[in-house]
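Student: I have just opened this one and would like to be walked through it. Could we take it piece by piece?

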Amino acid sequence: MLEVDTTVMTPAPVFETSGHVARFADWMVKDLKTGEVLRADHLVGNVLEARLAGDKEARGLAAQPAKEDDKKKKKKDKAKAAPVKLSDEQVVEYETILAQLDNYSGPELGALCKKHNITNPDTGNEVSEPQQFNLMFASSIGPTGQHPGFLRPETAQGHFLNFSRLLEFNNGRVPFASAQIGRSFRNEISPRAGLLRVREFTMAEIEHFVDPEDKRHERFADVRAVALDLLDRDTQAAGSTRVTRMTIGDAVDKGVVANETLGYFLARIHQFLLKIGIDPARLRFRQHMANEMAHYATDCWDAEIQNSYGWTECVGCADRAAYDLSVHSAKTGHPLVVRQALKEPIVTEKLVAEFNKRTFGQTFGKDSAVIQTLVGGLDEALLAKLQGELAQGSTTVTSSDGREFKLTPDLLTIEKKTFKQSIREFTPNVIEPSFGLGRILYVLLEHSFWSREQDVERGVLSLPAVVAPTKVLIVPLSAKTEFDPLVREVCKCILARYLAGSPAPSFVPHGACSSYLSQCSLRAPSFPATKLRKAGVFSRVDDSNTSIGKRYARNDELGTPYGLTLDFACTSLSYSRLRHLLAAASSCLRRSHVPAVQNRTMTLRERDTTGQLIGSIDEVIDTVIELVNGSIDWAGACRRLPAYDGVQAVE
């Protein structure tokens with residue numbers, strides 16, 4: 001996969017050619033009194049969903065709302081209408097509309113607003129007829145302003161403009177892919193819902209170029225058994241949102257998903273979202289309906305994730321066919337094609353029309369070009385018919401404006417010729433997974449955050465270790481200032497021994513030094529923070545004066561999955577013993593014998609269960625590194641290390 005980084009500001013001809021200037025638009029309506037602009041499909045959806053929620057509340061089916069702040073409650077009471085019970089027919093009709101909401105055109109959305117008396121929910125005013133609004137930010141390039149441009153609404157066009165270079169880097173062969181992460185801009189009609197609908201956002205897009213006659217994927221067998229919740233277009237057209245659980249292999253075999261390459265990326269998107277912590281019960285793949293399909297796509301599926309705002313599209317996966325490369329090639333005259341040498345030449349025979357240029361031009365004059373175009377556009381069957389008629393003496397062709405032209409064998413001959421093809425030339429198709437990183441981050445945080453049953457004020461952010469910013473929390477049990485001189489002296493000794501290439505002395509108070517070493521970024525392999533850092537595991541030390549419980553709690557809310565507790569048992573040295581070592585530290589380089597450590601243990605804590613294990617420093621560090629890397633899970637760690645009973649032996 002080739003990484004690219006293309007321009008944000010793009011000349012207007014690029015998007016004129018791609019069709020974005022003419023068709024990259026949403027339908028909007030205006031409040032007839034205030035002039036407020038609303039997105040038409042969102043207005044219809046939000047109003048009908050609110051009515052269905054009110055119907056459930058009126059029927060006593062809605063859950064009891066959470067207790068709210070008095071000030072917030074007063075504000076909501078002003079805007080919220082009393083719940084109204086709907087008829088069963090209305091409920092079915094509203095649910096059917098919502099199931100296929102994305103398939104309605106602008107005039108159809110306007111008709112829905114009139115039929116169901118949909119008004120601006122904030123003011124109660126009527127809204128105008130829907131109008132199209134182009135979502136691209138227009139600008140100008142250069143000092144004169146004569147060269148219009150746009151901020152890119154997607155990163156994809158940069159891939160297509162650089163296709164020839166990318167193909168050359170891949171030695172002229174397909175399939176291959178290019179990838180880009182970058183900012184995109186869309187002039188949203190009504191941005192809202194935090195990171196879910198914004199005008200500037202970060203996208204990650206892959207353009208996978210593939211042979212249009214062979215859309216198999218070499219690794220499809222690896223994901224064939226992956227099961228997805230699919231909501232196909234036929235189900236939506238029937239007015240239902242019921243998903244079908246199906247393996248991606250069956251979906252491709254039955255034609256629900258168009259081809260193996262598209263299916264492969266759908267399965268990989270599913271695996272990625274689950275790996276970073278998305279709740280599989282709130283993830284579905286919805287197929288675009290005909291009217292909502294992008295102008296460049298032949299098939300498209302959205303990975304939609306349920307959150308507090310409903311189902312939100314977070315990843316799109318489209319089969320763009322050869323649309324983009326074809327239109328850019330036609331505009332520029334530069335062939336964006338793959339030339340593939342055939343193992344065996346293809347020999348074909350076909351009828352070819354040949355004109356007698358000398359007599360043909362004299363006979364028909366300026367109409368010669370019209371006749372040549374007519375005959376050149378005939379298929380094999382019609383050419384064979386003309387050949388038979390010419391053998392009888394003459395034939396007649398008719399132009400689009402009704403004029404007839406008589407052709408004779410001295411003007412036109414049609415013969416069968418043999419052609420040998422050793423090079424196959426084709427425009428590749430494109431499969432495009434497109435990730436909205438801001439949306440994925442938002443729903444991940446929402447899916448991961450919860451509160452402990454015994455204390456709802458204690459929040460937990462259950463991020464998997466693979467995405468948690470901090471993997472391991474190191475918690476020294478004591479933060480007494482009396483330790484500082486000792487820590488400073490012993491760490492100097494450690495550093496001197498380490499730089500000299502000698503092993504660290506065995507009497508070093510590991511727990512006491514960890515905080516100091518972390519602050520000084522000393523690379524002493526015998527310390528937890530340094531060992532973790534050396535293994536590529538990001539950790540942080542919390543040596544604040546608060547209780548260990550509060551330190552754990554605030555790091556649970558930050559999403560840190562594991563905690564290491566360092567106390568006197570980690571060093572197997574009492575406080576008096578540590579003070580005694582202060583005097584000995586200055587001469588440690590000259591000593592041939594040092595006191596042995598009898599008990600070097602520390603505890604490992606897991607965030608979600610709050611379970612704790614105990615083991616030697618080396619065993620615990622090795623275990624936590626494997627946990628972070630995904631080599632083992634917590635159950636595996638529990639089988640490896642004994643549970644901590646709250647008591648450690650201290651000398």
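Student: How many residues are there between S13 and S14 in their hairpin?
Tutor: There are 2 residues between S13 and S14, which form a hairpin. Please keep in mind that this is a predicted model.

Student: And how many bridges join those strands, and in which sense do they run?
Tutor: S13 is joined to strand S14 (residues 310-321) by 9 bridges, and the two run antiparallel. Within this pairing, Asp299 stands opposite Asp319 in S14.

Student: Which sense does the pairing of S12 and S13 have?
Tutor: Strand S12 (residues 283-287) pairs with S13 in the antiparallel sense, over 5 bridges. There, Gln287 has Trp301 of S13 as its bridge partner.

Student: What about Val315: which residues is it in contact with, leaving aside its neighbours within four places in sequence?
Tutor: With those neighbours left aside, Val315 is in contact with Ile269, Leu273, Trp301, Asp302, Ala303, Ser434, Phe435 and Ile440. Val315 is also among the residues with the most contacts inside the largest nonpolar core, together with Ile248, Val257, Leu266, Ile269, Leu273 and Phe285.

Student: How many residues does that core have, and which helix gives the largest share?
Tutor: The largest nonpolar core has 39 residues. Helix H12 (residues 260-276) provides the largest share of this core, 8 residues.

Student: Which domains does the core lie between?
Tutor: It lies between domain 2 (155-326 + 428-437) and domain 4 (459-502 + 528-578 + 596-650), because both give residues to it. There is also a second, separate core of 22 residues, which includes Leu564, Leu566, Leu604 and Leu627.

Student: Which residues line the largest cavity?
Tutor: Its lining is made of Leu473, Tyr552, Asn555, Asp556, Thr560, Pro561, Tyr562, Gly563, Arg605 and Arg607. Helix H21 (548-557) and strand S24 (562-566) are the elements that give two or more residues to it. H21 gives the most, with 3 residues.

Student: One more strand, S16: which residues are on its covered face and which on its uncovered one?
Tutor: Strand S16 (residues 395-398) has Thr395 and Val397 on its covered face, and Thr396 and Thr398 on its uncovered one. In a regular strand, side chains alternate between the two faces of the sheet.

Student: How many bridges join S16 to S17?
Tutor: There are 4 bridges between S16 and strand S17 (residues 404-407), and the strands run antiparallel. Thr395 stands opposite Leu407 in S17. The two strands form a hairpin with 5 residues between them, and Gly402 in the turn has a positive phi of about 95°.

Methods. Residues numbered from 1 in each chain as written. Predicted model: local features only at pLDDT ≥ 70, side-chain atom pairs only at ≥ 80, totals over all residues. Heavy atoms only, no water. Buried < 20%, exposed > 50% of the residue type's maximum accessible area, 1.4 Å probe, protein only. Pairing = 2+ DSSP bridges. Core = buried A, V, L, I, M, F, W, Y, C linked by side-chain atoms within 4.5 Å. Domains from an automatic or database assignment. Contact = heavy atoms within 4.5 Å. 1 Å grid on protein atoms, 1.4 Å probe; cavity = no way out; pocket = protein on both sides within 12 Å on 5 of 7 lines; lining within 4 Å.
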